[in-house]
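Reader: I'm new to this one, and I'd like to learn how to read it. Could you take me through a few features?

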Amino acid sequence: MRAAKSRSKLEDPEQLKLKQKAKEMQRAELEEMRQREANMTALLAIGPRKKFKADTNAGSNGQQASTSSPTSGSFNPSSRPQVLRPRMKRVNLRDLVFLMEQERHTSHSVALYKAFLK
């Protein structure tokens with residue numbers, strides 16, 4: 001009788017299965033948290049996502065994605081006034097030097113000679 005009691009306390013197969021399943025679920029949860037943290041770190045390293053301009057033709061055709069109230073949380077690009085900004089073009093030093101060589105009044109300037117030294 002003692003052997004049966006000690007065996008039931010130590011080696012209950014149902015209890016062992018439950019413990020094993022709990023450990024497995026805990027491992028899976030930890031792995032998921034690690035993966036989520038790694039994804040967030042990678043996204044932060046990449047930087048913010050680029051926002052593309054909404055197509056203005058979709059609103060003029062009368063085909064809007066949502067006709068519900070503005071407080072529904074849906075994004076409606078036609079409700080926000082568009083701000084026109086001048087387009088910025090990035091150039092490197094080689095482009096600037098080429099332009100300065102072509103211009104008559106900067107072709108013999110000190111700035112051009114300094115740019116050649118860089």
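**Reading the helices and their contacts**

Author: Let's start with a pair of charges: Glu32 forms a salt bridge with Arg36, and their closest N and O atoms are 2.8 Å apart. Keep in mind that this is a predicted model.

Reader: Why can side chains pair up like that in the first place?

Author: The general idea is that side chains of opposite charge can pair when their charged atoms come close. In this case, Glu32 and Arg36 sit four residues apart in helix H2, so about one helical turn separates them.

Reader: And why does a spacing of three or four places matter?

Author: An α-helix has 3.6 residues a turn, so residues three or four places apart point the same way. There's a second case here: Arg34 and Glu31 meet in a salt bridge, at 3.5 Å from N to O. These two are three residues apart in H2, so again the separation is about one helical turn.

Reader: How many salt bridges does a search of the whole structure find?

Author: Two.

Reader: Are the residues in those pairs buried or exposed?

Author: Relative accessible area tells you: under 20% is buried, over 50% is exposed, and partly exposed lies in between. Arg34 counts as exposed because its value is 53%, while Glu31, at 43%, is partly exposed. In the other pair, Glu32 has 47% and is partly exposed, and Arg36 is also partly exposed, at 46%.

Reader: How many buried residues does H2 have?

Author: Zero among its 34 residues, so H2 is hardly covered. From first C-alpha to last, H2 reaches 49 Å, close to the 50 Å expected at 1.5 Å a residue. Just after H2 comes Gly47, with a positive phi of about 110 degrees.

Reader: What about nonpolar residues on the surface?

Author: Look for a patch. Met40, Leu43 and Ile46 make a nonpolar surface patch of about 330 Å². Ile46 is found in H2, which spans residues 13-46, and Ile46 counts as exposed because its relative accessibility is 69%.

Reader: Let me step back. How many helices and strands does the protein have?

Author: Five helices and zero strands. Read from the N terminus, the elements run α-α-α-α-α. Of the 118 residues in the protein, 6% are buried. The accessible surface comes to about 12600 Å², and carbon and sulfur atoms account for 56% of that.

Technical notes
Residues numbered from 1 in each chain as written. Predicted model: local features only at pLDDT ≥ 70, side-chain atom pairs only at ≥ 80, totals over all residues. Heavy atoms only, no water. Patch = residues over 30% accessible without salt bridge, like charges linked within 9 Å, V, L, I, M, F, W, Y side chains within 5 Å. Areas by Shrake-Rupley, 256 points an atom, 1.4 Å probe, with all protein chains shown as cover. Salt bridge = Lys/Arg side-chain N within 4 Å of Asp/Glu carboxyl O. Buried < 20%, exposed > 50% of the residue type's maximum accessible area, 1.4 Å probe, protein only. Expected span 1.5 Å × (residues − 1).
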